[in-house]
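The following exercises concern a predicted model. Please work through each task before reading its solution.

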Amino acid sequence: MKICVTGTQGQVATALQELAVQAGIAVHCLGRPAFDLGQPDNAEAVLAALKPDVLISAAAYTAVDLAEGHAEEAYRVNAAGPAALARASGNLGIPILHLSTDYVFDGLKRTPYMESDITGPCSVYGASKLEGEYAVAAGNPCHVILRTAWVYSHSGKNFLRTMLRIAETNPVVRVVSDQFGCPTYATDIAAALIAIARQVVVKAAGDPAFGTFHMTGRGDTSWAGFAGAIFAMAAKGGHAAARVVPIATSDYPTPARRPENSRLDCGKLADVFGVELPHWHDGTERCLARLFQMSESLQGAAP
Ligand SMILES: NC(=O)c1ccc[n+]([C@@H]2O[C@H](COP(=O)([O-])OP(=O)(O)OC[C@H]3O[C@@H](n4cnc5c(N)ncnc54)[C@H](OP(=O)(O)O)[C@@H]3O)[C@@H](O)[C@H]2O)c1
């Protein structure tokens, strides 16, 4: 199988490249400057030349707070770009797996969100990603839209790495405790994407495998709960840890509003694809083990 993925250096794209190598899958990354989602006029030419079996649309304008002041760019990258990718892949008969977000919801529901729940983004980022979902669905009948949440990894910019960095110099960290969701390890997303890709390559348009799905780790927690688990695991391994002081969202104002409830029901993904991501606790342990192993081998390599 040959996969094309957008977002060369992104958390998910990086994890996908790592896993694909192990699985003997050829991966071509589409990223700037050769491919710019903000100017995707060459999408069809690029895909026609590469001839992938599946296109994975993982790149996005992910700076949630910055997007509030840069709506035009966010919509260009998160909506117009995926629209062009979907049209191009649709014209060429290539199925597209497109990553989206829990931020398409307003977070006011008390229980986990189903795919059929009404959307209502409360940020520019969320609204631009929702527009991207509509465009992907309209552009290619062979689409799988996968909403995930709270993505972290051993590489890239993410909450887990920020917490570890803070703990190096601060004994205490204040973390929001009234937003709930499921931290999702990029490596687990990548493994799921490969499993889904293997299934969709043999499906025809109209198959129930195409549509919108929720895909996060199992279980849920708050950001404060996630931070507490990160530090407990780090301390167990003899690494720097901080004490978590839970705070309210109102104590930590940000330009973009976040949903209070980001929990996604992933039952449809399990039913249709037989894919279930591991528990967030398990992903966090594996991610930390990988990070600490990476920093030890870097120290070992120092002169
Ligand atoms: N991160 C999360 O917590 C989260 C939560 C829910 C859903 N998601 C969704 O999951 C997907 C993967 O997220 P991630 O965490 O892997 O993202 P990420 O680490 O922030 O990476 C985003 C990637 O998109 C690329 N990109 C941005 N603008 C581009 C453009 N104009 N042209 C080409 N590439 C561009 C970036 O390229 P550069 O390296 O060149 O900047 C980067 O490689 C995204 O669709 C995101 O919306 C993420």
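**Exercise 1. The surroundings of Val5**

Which residues does Val5 touch, not counting residues up to four places away in sequence? State also whether Val5 is buried or exposed.

*Solution.* 
1. Locate the residue: Val5 belongs to strand β1, which spans residues 2–6.
2. List its contacts: Val5 touches Ala13, Leu16, Val27, Cys29, Leu30, Ile56 and Ala58, leaving aside residues up to four places away in sequence.
3. Apply the burial criterion: a residue is buried if 20 or more other C-beta atoms lie within 10 Å of its own. Val5 has 27 C-beta neighbours inside 10 Å and therefore counts as buried.

**Exercise 2. The open sheet**

Determine the strand order of the six-stranded open sheet and the sense of its pairing.

*Solution.* 
1. The order is β2-β1-β3-β4-β5-β10, and the pairing is parallel.
2. The edges are formed by β2 (26–30) and β10 (211–214), each of which pairs on one side only.
3. On average, neighbouring strands of this sheet are turned by 20° against each other, direction ignored.
4. Helix α1 packs on the sheet, where it touches β1, β2, β3 and β4; the direction of α1 makes about 160° with that of β2.
5. Strand β3 (residues 54–57) is joined to β4 by three bridges, and the two run parallel. Ser57 stands opposite His98 in β4.
6. Between β4 and β5 there are six bridges, again in the parallel sense. Here Ser100 stands opposite Arg147 in β5.

**Exercise 3. Strand β5**

How many residues of β5 (residues 143–148) are buried, and which of them point one way from the strand?

*Solution.* 
1. Six of the six residues of β5 are buried.
2. In a regular strand the side chains alternate between the two faces of the sheet.
3. In β5, His143, Ile145 and Arg147 point one way, whereas Val144, Leu146 and Thr148 point the other way. All of these residues are buried.

**Exercise 4. The faces of helix α6**

Identify the buried residues of α6 (residues 159–169) and explain why they line one face of the helix.

*Solution.* 
1. The buried residues are Leu160, Met163, Leu164 and Ala167.
2. Viewed down the axis of α6, these buried residues fall within an arc of 95°, so they line one face of the helix.
3. Arg165, Glu168 and Thr169 are exposed on the other side of α6.

**Exercise 5. Backbone exceptions**

Which peptide bond is cis, and what is the phi of Lys51 and of Trp150?

*Solution.* 
1. Recall the background: most residues other than glycine have a negative phi, and most peptide bonds are trans.
2. The bond from Arg32 to Pro33 is cis, with omega near 0°. Pro33 lies in the loop between β2 and α2 (43–50).
3. Lys51 has a positive phi, near 50°, and is placed in the loop between α2 and β3. Lys51 counts as exposed because it has 11 C-beta neighbours inside 10 Å.
4. Trp150 also has a positive phi, near 45°, and sits in the loop between β5 and β6 (151–152). With 24 other C-beta atoms within 10 Å, Trp150 is buried.

**Exercise 6. The ligand shell**

How many residues surround the ligand, and which are the closest?

*Solution.* 
1. The ligand is surrounded by 27 residues, the closest being Gly7, Gly10, Ala59, Ala60 and Val151.
2. The elements giving two or more residues to this shell are α1 (11–23) and β4 (96–101). The largest share, three residues, comes from α1.
3. By class, the shell holds twelve nonpolar, twelve polar and three charged residues.

Note on methods:
Residues numbered from 1 in each chain as written. Predicted model: local features only at pLDDT ≥ 70, side-chain atom pairs only at ≥ 80, totals over all residues. Near = placed C-beta within 6 Å. Helix = DSSP H or I, 4+ residues; strand = E, 2+ residues; numbered from the N terminus. Nonpolar A, V, L, I, M, F, W, Y, C, P; charged D, E, K, R; others polar. Buried ≥ 20, exposed ≤ 12 C-beta atoms within 10 Å, placed from the backbone. Contact = placed C-beta atoms within 7 Å. Arc of directions from axis to C-beta. Pairing = 2+ DSSP bridges. Axes fitted to C-alpha atoms, helices over the stretch in contact; angles between N-to-C directions.
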